[in-house]
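Please find below a short note on the structure under review.

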Amino acid sequence: MRQDCWIGGQWAPASSGRRFPVENPATEELLAEVADGDAPDVDAAVRAARACFESDAWRGLAARQRGQLLAKAAEILESRLVEFATLETRQNGKLFFESRIEIAMSADVLRYFAGWADKITGDTLPVSGNFFTYTLKEPVGVVGAITPWNFPLNLAVWKFAPALAAGCTVVSKPPSEAPLTILLFAEVLEAAGFPAGTFNVVPGGGRTAGAALVKHPGVDKISFTGSTEVGKGVMKDAADTVKRVTLELGGKSPNIVFADADIPAAIRGAQTGIFYSKGEVCAAGSRLLVERSVHDQVVGELAARAKKLVPGDPFDKNTRLGAVVSKRQQETVLGYVAKGKAEGAALVAGGNAATVNGKGWYVEATIFDGVSPAMTIAREEIFGPVLAVLTFEGVEEAVALGNQSMYGLAAGLWTKDIQKAHRVARALKAGTVWINTYNSYDPAAPFGGYKASGFGRDLGREALEGYLETKSVWVAL
Ligand code: NAD
């Protein structure tokens, strides 16, 4: 398969003529050769997005019509769910049923923001003096959306849907490991009836196409999801043109099991918290904090469960652990496993690379017990199926350990004590807190980080704000 850039409603090869390969990490087979976009292609896409933003074809649409286009896109995406989910699994290595959930949520997100399009309103303001003063909410303009490979379509739609609902136009820079579903999504928006230029895609490298998009003076806002390291650079690069920036960055989220929890439920929550989608989840519960008196039971049962998560073909419905996204990611994850061992943590499950039929980049479901907060595996985001277990005694220590991180993306806690649950939820410095659940998402619930996990929010009403400017209008009476 060859895939080009999607600019102004047309497919076009990169101006350099270069292409980059996209591989299936479960089989190592070549999936596609994709246009390797760079600054000239980004420039063409931004011009197309700008022209569309200023055009009657887009500006002239009533808010409700924008909503109808998004609802239509949701319907089309749902009708092609299996095709999209298949492509997602082939490029990412995640289980097919996980891809189905991801694509279904993408459709849900489109539908949710379809409903917002005609409910964006300003206020009338009680100012002093003889004036009528009100605010207008206006689309911020051309949005650059830069997104990662772990939920390739879904995390991108978290940006596209509110941006389009707000009346912005979009240039997407998809992840180079997994750009194919975003490219296919261009067909969905076109079929839904979005005018040419509302949505553009320039695949390519982060330091080339990505950086060109961040620096481009014709882009009004960058909405970025990715690592904290790259996010910091994006913020710096956006400064020269005073771009609006939203950053959804990494995490090292604590999942806290109190002794008074429903322990079987907490164990299941700990398992999905770290092993869902091979742990390549920004909000993965990668630090399991267990109260001392239930430690042996929780870790023993969790380790037994982890050993059953044998890596396998992601399309086989009996498989519970897919391939990590790339050889490079496998090396990174195994590097952390080696560090965990070297720093004295106790390996109680997994720890090895694996293949299926002699191929693929897999890592076993891995658990380290006896982890102390200073160890590398307790501090750094691994972004793979590796859990670090720490032990605590009492609420105060749980909260202190939970907050002992530069990140603040999410946290989980398990207890039957309702007062303790809410008290701890308030004390944790994280953008999402899950009580007696983990990895729950809904388009209506804002998602984003505290601290080095970024700022701004995807999803919910808050996400819309990121794509709007507020204008105060004064009328002398
Ligand atoms: P990454 O930071 O390496 O890349 C993210 C995107 O940025 C990619 O499209 C990449 O090509 C691009 N990029 C790289 N360098 C760039 C540059 N200099 N200028 C502009 N763009 C550039 O992240 P990744 O490895 O693709 O994804 C994993 C990371 O994403 C993890 O840290 C994870 O926690 C984070 N993540 C966060 C969330 C969230 O909502 N907070 C969700 C998913 C993933």
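1. Basis. This is a predicted model, in which local features need pLDDT of at least 70, side-chain atom pairs count only at pLDDT 80 or more, and totals for chains, interfaces and linings use all residues. Residues are numbered from 1 along each chain as its sequence is written, and side-chain values use heavy atoms, with hydrogens and water left out.

2. Domains. The protein chain is divided into domain 1 (2–249 + 453–476) and domain 2 (254–442); the bounds come from an automatic or database domain assignment. The C-alpha centres of domain 1 and domain 2 are 31 Å apart. To their contact, domain 1 contributes 27 residues and domain 2 contributes 29 residues, contact meaning heavy atoms within 4.5 Å.

3. Strands (E, at least two residues) and helices (H or I, at least four) are DSSP runs numbered from the N terminus, and two strands pair if DSSP finds at least two bridges between them. Strand 5 (residues 30–35) runs parallel to strand 1 (residues 2–3), to which two bridges join it; here R2 stands opposite E33. With strand 4 (residues 19–23), strand 5 has five bridges and an antiparallel course, and V22 of this pairing stands opposite A32. Six residues lie between the strands in the hairpin of strand 4 and strand 5, where E28 takes a positive phi near 65°.

4. Three strands, in the order 6-7-25, form an open sheet with antiparallel pairing. Strand 6 (124–125) and strand 25 (468–476) each have a single partner strand, so one side of each is left without a neighbour in the sheet. Two bridges join strand 6 to strand 7, and L125 has T133 in strand 7 as its bridge partner.

5. Surface patch. Strand 7 (residues 131–139) also holds F132. Together with V475 and L477, F132 forms a nonpolar patch on the surface, with about 280 Å² of accessible area in all. Patches are made of residues with over 30% relative accessible area and no salt bridge, like charges being joined within 9 Å and nonpolar side chains (Val, Leu, Ile, Met, Phe, Trp, Tyr) within 5 Å; accessible areas come from the Shrake-Rupley method with a 1.4 Å probe, and for residues only the protein chains shown count as cover. F132 is partly exposed because its relative accessibility is 39%, the classes being buried under 20%, exposed over 50% and partly exposed in between (1.4 Å probe, protein chains only).

6. In one of them, K471 meets E138 with the closest N and O atoms 3.1 Å apart. This pair links distant parts of the chain, K471 being in strand 25 and E138 in strand 7, 333 residues apart. K471 is partly exposed at 40% relative accessibility, and E138 is partly exposed at 28%.

7. Further salt bridges. E229 and K232 lie three residues apart in helix 9 (residues 228–239), about one turn of the helix, and their side chains meet at 3.6 Å, N to O. E229 is exposed at 58%, whereas K232 is partly exposed at 42%. Salt bridges that share partners join R18, D36 and D38 into one network. The side chains of R80 and E83 form a salt bridge at 2.9 Å, N to O; R80 is buried at 19%, while E83 is partly exposed at 38%.

Terms used:
Salt bridge = Lys/Arg side-chain N within 4 Å of Asp/Glu carboxyl O.
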